[in-house]
Amino acid sequence: MTSLSLQLKFSLYPDNRKFHFQPQSEFQIITFPRKVKLKIRCSATNPQQQEEKQRGNNPKKKKKNVAGSEKGVDPVGFLTKLGITHRAFAQFLRERHKSLKDLKDEIFNRHLNLQEMASGYEILGMHRNVEHRVDYMDWAPGARYCSLVGDFNEWSPTENAAREGHFGHDDYGYWFIILEDKLREGEKPDELYFQQYNYVDDYDKGDSVTIEEVLKRADDEYWEPGEDRFIKNRFELPAKLYEQLFGPNGPQTIEELGEIPDPETRYKAWKEQHKDDPPTNLPPFDVIDDGKDHDIFDVVADPVWQEKFRAKKPPLPYWIETRKGRKAWLKKYTPGIPHGSKYRVYFNTTDGPLERVPAWATYVQPDAAGKQAYAIHWEPPPECAYKWKNMSPKVPKSLRIYECHVGISGSETRISSFNDFTEKVLPHVKEAGYNAIQLIGIAEHKDYHTVGYRVTNFYAVSSRYGTPDDFKRLVDEAHGLGLLVFLDIVHSYSAADEMIGLSRYDGLNDCYFHSGKRGHHKQWGTRMFKYGDLEVLHFLLSNLNWWVVEYKIDGFQFHSLASMLYTHNGFASFTGDLDEYSSQYVDREALMYLILANEILHALHPNIITIAEDATFYPGLCEPTSQGGLGFDYYVNLSASEMWLSLLENTPEHEWSMTKVISTLVGNRQCADKMVMYAENHNQSISGGKSFAEILFGRIQENSPHSEELLLRGRSLHKMIRLITCTVVGRVYLNFMGNEFGHPKRVEFPMASNNFSFSLANRQWDLLANGGIYQDLFFFDKDLMKLDENERVLSRGFPNIHHVNETNKVISYLRGPLLFIFNFHPTESHERYSAGVDEAGEYQVILNTDERKYGGQGLIKEDQYIQRSISRRVDGLRNCLEVPLPSRTAQVYKLTRILRI
């Protein structure tokens with residue numbers, strides 16, 4: 001345990017792309033529970049004098065610096081910006097900000113900075129050490145004994161256990177176990193006790209040089225002539241003292257010894273004796289004598305010698321030169337725990353012995369075929385380990401996200417793998433025109449039918465899809481195709497499983513989770529994290545950083561925030577009153593975790609994207625944390641898909657409200673550019689519902705009298721709903737895998753209710769090759785994505801929605817030079833419908849839902865694709881277009897030529 005007193009304060013906000021250390025008035029004690037490497041610049045100058053010198057001893061500047069210690073931070077800033085006055089909620093934000101500062105101070109008592117706080121994966125779990133061993137570290141404060149059991153030690157709970165005392169268990173509940181590599185028969189132990197090995201390269205510098213040569217070179221470079229006199233002759237000084245006192249010429253009695261002079265007298269006598277000595281390389285020290293009586297004299301050194309000494313660097317590089325290569329290691333040792341070994345952690349607790357899958361395990365085999373779950377040690381040899389080939393793409397101004405589930409991504413009635421997805425689905429996503437994929441169900445989960453939302457092992461990719469290297473290949477190939485990779489991360493709750501999950505991990509009920517009722521989700525039975533505990537924060541924040549560092553993930557969608565933000569888990573009615581967001585049911589600790597998560601992610605990885613999925617639309621989701629917000633980049637508009645589903649299932653077309661459509665899609669205008677828009681995502685398909693295609697086409701019987709009419713209606717609405725949802729507002733559009741071509745079946749995972757059938761747990765990609773309605777819808781969706789790519793629709797500002805007609809069921813709006821016009825009326829068509837435009841000029845149709853290649857009727861002829869504006873005020877605009885507008889169609893016009901009048 002090391003303790004260091006530093007005069008530091010940590011400041012971190014999303015608008016600052018680097019970590020900053022700022023001076024503060026009081027010292028903080030920063031404790032390191034493990035070995036750390038520090039670079040500390042020392043100075044003999046008083047810090048207060050340095051500070052006054054920098055400020056020029058100007059009291060005004062001093063006052064300004066103190067006041068500006070949190071410059072740019074306003075806990076209620078976003079309320080002021082939006083013109084919202086609500087005393088109770090503003091007070092809640094101020095109190096939350098104060099609690100966050102206290103939490104950070106508490107963190108800095110344990111960690112050097114927030115980066116270290118989010119890097120627990122570097123030491124926790126299983127890691128190979130350079131000194132021919134594997135280190136295992138885990139957190140289990142309720143355990144009395146800890147060991148590793150596995151096939152490498154015949155599942156013995158005593159062979160590889162943590163040592164007694166602080167070498168194996170500290171005061172915070174961390175356990176440390178060393179798995180020494182085994183010396184091969186006939187081999188001798190390393191000559192150097194701390195011998196290091198390079199496990200990647202076959203050979204290293206230590207293979208061609210002896211230790212004696214390295215140490216001699218280090219001594220020759222570091223020591224000046226004469227400086228190593230007392231190092232080489234350690235007993236010279238004590239021998240001389242002994243000879244003076246007890247030698248044959250020394251005093252034989254107390255009387256002969258006489259009175260020993262005081263230090264000052266002895267020092268002056270020594271100075272007089274050596275005043276004529278020649279120059280030497282020994283450190284030139286002197287004693288300051290100001291004529292006053294002192295218990296201890298002030299000793300000073302020559303400034304020139306001091307600078308020379310400070311410029312010296314310890315000969316650590318020579319230590320690295322003793323490191324040997326992988327072949328030398330394999331020749332001398334066999335791994336203490338080989339690659340692919342199965343293992344679990346064994347605890348002795350108040351409830352008796354327990355075996356658990358380690359919380360920080362990176363590869364896990366969950367319960368299968370009646371066998372108990374276990375972790376798998378993943379340490380492939382260098383020639384087999386995956387090597388990255390591609391860099392992450394640059395983040396585009398607009399995102400077109402393709403949401404996927406790897407397991408159901410194949411056509412076969414089985415669980416698809418990472419490799420299947422890489423080879424078959426990624427090319428389709430690229431062809432379809434999307435620029436990002438969002439993966440759900442990637443983290444390990446015991447029950448497949450939970451879609452991956454009841455996570456058991458947060459650091460492990462699901463082994464049912466493949467290995468960690470298979471997932472790296474998937475991400476790498478996606479980056480090579482120019483696709484960003486996002487994860488749907490579940491930190492709002494955890495699976496309640498004990499053997500494989502985190503529940504009662506160390507035998508106690510409150511290790512990672514709240515105890516009592518608060519520790520259980522009221523509807524789903526899952527466990528709720530204890531976000532106020534530093535070790536839980538350490539686990540979750542490190543988990544986010546792990547996915548970015550280890551797998552190069554480009555962003556996260558935080559799943560079901562309502563479950564974690566409220567003690568009622570979001571199962572309550574919300575009216576939008578701000579009192580509901582600051583009541584006693586709000587979990588302030590969960591809010592502070594989300595703020596920390598966004599601050600750390602955006603500081604460590606400036607290009608990261610974070611998306612909030614919150615059904616309650618908590619105020620300030622996408623506002624900067626320095627202004628009282630939670631710091632997300634985008635939030636999901638969940639209301640849009642629910643509205644479309646309700647209209648299609650429950651409301652006749654002639655009763656659709658255009659005002660409701662627009663108000664639901666636009667949402668809060670002040671946050672509209674931060675919305676993730678989607679017409680339907682996996683929730684409709686998976687959560688017991690139906691996809692839009694199943695609603696629109698599912699009841700149509702072939703060769704029935706009205707089948708063609710019903711198919712035309714279904715195709716038209718499918719295209720129009722997607723067009724208006726994608727283009728009306730926001731910078732992000734999302735689509736679930738298969739819905740772009742109107743997948744005819746819902747998703748149903750194998751479970752007891754369907755006799756564990758895989759018949760609905762797949763995607764029918766072959767429908768695209770058969771032509772017909774599915775190919776028509778895919779071509780339209782592909783051109784819709786191309787529309788954004790070419791015309792930058794999503795990245796443009798807020799649209800001018802200037803025409804909403806309830807009688808005609810017509811909606812029209814402008815985004816830049818583009819005019820979007822929709823006719824949702826089931827029967828009424830218009831030969832010349834007037835729509836206002838800003839600029840006078842020629843407008844050309846660049847997308848028409850009624851084209852024959854999209855399965856339409858082609859009612860608008862090619863000679864009608866170019867329209868010239870008329871100088872007449874319509875919809876509050878100076879000019880207008882008179883355009884043909886068939887029923888159930890939509891068109892996109894682009895200003896191609898400006899006319900000056």
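Modeller: Let us begin with arginine 414, which is partly exposed, with a relative accessible area of 34%. The model is a predicted one.

Biologist: Why is arginine 414 called partly exposed?

Modeller: Buried means under 20% relative accessible area and exposed means over 50%. The value for arginine 414 is 34%, which lies in between, so the residue counts as partly exposed.

Biologist: Where does arginine 414 lie, and which residues does arginine 414 touch?

Modeller: Arginine 414 is in the loop that runs between β17 (399-405) and α14 (418-432). Leaving out residues up to four places away in sequence, arginine 414 touches Gly407, Asp420, Phe758 and Ala761. Arginine 414 and serine 757 are 343 residues apart in sequence, yet their C-alpha atoms are 9.3 Å apart in space.

Biologist: How many salt bridges does the structure hold?

Modeller: The structure holds 40 salt bridges. One of them joins aspartate 102 and lysine 98, with the closest N and O atoms 3.5 Å apart.

Biologist: What makes the pair of aspartate 102 and lysine 98 a salt bridge?

Modeller: The limit is a side-chain nitrogen of Lys or Arg within 4 Å of a carboxyl oxygen of Asp or Glu. The closest atoms of aspartate 102 and lysine 98 are 3.5 Å apart, so the pair qualifies. Both residues lie in helix α4 (residues 87-108), four residues apart, about one turn of the helix.

Biologist: Why is lysine 98 called exposed, and why is aspartate 102 called partly exposed?

Modeller: Lysine 98 has 53% relative accessibility; exposed means over 50%, so lysine 98 counts as exposed. Aspartate 102 has 40%, which falls between 20% and 50%, so aspartate 102 is partly exposed.

Biologist: Which residue forms a salt bridge with arginine 217?

Modeller: Arginine 217 forms a salt bridge with glutamate 321, the closest N and O atoms being 2.2 Å apart. This pair links distant parts of the chain, 104 residues apart: arginine 217 is in helix α6 (residues 211-222), while glutamate 321 is in the loop between α12 (316-320) and α13 (326-332). Glutamate 321 has 19% relative accessibility, and buried means under 20%, so glutamate 321 counts as buried. Arginine 217, at 38%, counts as partly exposed.

Biologist: What separates glutamate 236 and lysine 240, which also meet in a salt bridge?

Modeller: Their salt bridge spans 3.6 Å, N to O. Because they are four residues apart in helix α8, about one helical turn separates them. Lysine 240 is partly exposed, at 46% relative accessibility.

Biologist: Helix α8 also contributes to a nonpolar patch. Which residues make the patch?

Modeller: Tyr242, Leu245, Phe246, Ile254, Leu257 and Ile260 make a nonpolar surface patch of about 690 Å². The elements that give two or more residues to the patch are α8 (236-246) and α9 (254-257). Helix α8 gives the most, with three residues.

Biologist: Why is phenylalanine 246 called exposed?

Modeller: Phenylalanine 246, located in helix α8, has a relative accessible area of 60%. Exposed means over 50%, so the term applies to phenylalanine 246.

Biologist: How far from glutamate 613 is the nearest side chain of opposite charge?

Modeller: That side chain, arginine 454, is 14 Å away. A salt bridge requires a distance within 4 Å. Glutamate 613 is buried yet has no salt bridge. The side chain of glutamate 613 does reach the backbone nitrogen of serine 560, at 2.9 Å.

Biologist: Why is glutamate 623 called buried?

Modeller: Glutamate 623 has a relative accessible area of 7%; buried means under 20%, so glutamate 623 is buried. Glutamate 623 is placed in the loop between β23 and β24. Beyond its neighbours within four places in sequence, glutamate 623 is in contact with Phe78, Lys81, Gly629, Leu630 and Gly631.

Terms used: Residues numbered from 1 in each chain as written. Predicted model: local features only at pLDDT ≥ 70, side-chain atom pairs only at ≥ 80, totals over all residues. Heavy atoms only, no water. Patch = residues over 30% accessible without salt bridge, like charges linked within 9 Å, V, L, I, M, F, W, Y side chains within 5 Å. Areas by Shrake-Rupley, 256 points an atom, 1.4 Å probe, with all protein chains shown as cover. Buried < 20%, exposed > 50% of the residue type's maximum accessible area, 1.4 Å probe, protein only. Lys, Arg positive; Asp, Glu negative; His and termini not counted. Polar contact = N/O pair within 3.5 Å; in protein donor to acceptor, adjacent residues only side chain to side chain. Contact = heavy atoms within 4.5 Å.
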